[in-house]
Amino acid sequence: EGLSLSAYAYLGVGLISSLEGVGVATFAAFFATMCESLIGATLQEKEGFGWMTNEVVNFFNTLIGAAVAMSMGVLVLGM
């Protein structure tokens, strides 16, 4: 899913300007998804974490993915 969307953004729409950018976007999406799974499995629906709904976990996924993509954009791509 992440790779196909990154490739589409590069080839079809022009949102990503290089193949390295496709790699950064794909890695950021993969890393964020793994973190989301970890957060959901360890904290969601546990006692004391009633506020940790699926929507909150999805928010953390988006936040982590954006932070990783922006950080790698600066560090790897020199943006």
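This is a predicted model: local features need pLDDT of at least 70, side-chain atom pairs count only at pLDDT 80 or more; totals for chains, interfaces and linings use all residues.
**Entry 1. Burial and basis**

Residues are numbered from 1 along each chain as its sequence is written, and side-chain values use heavy atoms, without hydrogens and water.

**Entry 2. Fold and surface**

I found three helices and zero strands in the protein chain, taking helices as DSSP runs of H or I with at least four residues and strands as runs of E with at least two, numbered from the N terminus. The pattern along the sequence reads α-α-α.

I then recorded contacts, defined as heavy atoms within 4.5 Å. Of those in the protein chain with a separation of 6 or more, 41% join residues 24 or more positions apart.

The protein chain exposes about 5400 Å², and carbon and sulfur atoms supply 69% of that area; accessible areas come from the Shrake-Rupley method with a 1.4 Å probe, and for residues only the protein chains shown count as cover.

**Entry 3. Helix α2**

I checked the length of α2: its 24 residues should span 34 Å at 1.5 Å a residue, and its end C-alpha atoms are 35 Å apart, which agrees. The expected span is 1.5 Å times one less than the number of residues.

I listed the buried residues of α2, among them Val22, Val24, Cys35, Glu36 and Ile39. Ser37 also has its place in helix α2, but Ser37 counts as partly exposed because its relative accessibility is 43%. I read 9.0 Å between the C-alpha atoms of Ser37 and Asn61, which are 24 residues apart along the chain.

**Entry 4. The loop at Glu45**

I located Glu45 in the loop between α2 (19-42) and α3. Its phi is near 65°, a positive value in a residue other than glycine. Glu45 has 74% relative accessibility and therefore counts as exposed.

**Entry 5. Nonpolar patch**

I noted a nonpolar surface patch formed by Val74, Leu75 and Val76, with about 330 Å² of accessible area together. Patches are made of residues with over 30% relative accessible area and no salt bridge, like charges being joined within 9 Å and nonpolar side chains (Val, Leu, Ile, Met, Phe, Trp, Tyr) within 5 Å; a salt bridge is a side-chain nitrogen of Lys or Arg within 4 Å of a carboxyl oxygen of Asp or Glu. Val76 lies in the segment after α3 (54-75), and Val76 counts as exposed because its relative accessibility is 54%.

Terms used: Buried means under 20% relative accessible area, exposed over 50%, partly exposed in between (1.4 Å probe, protein chains only).
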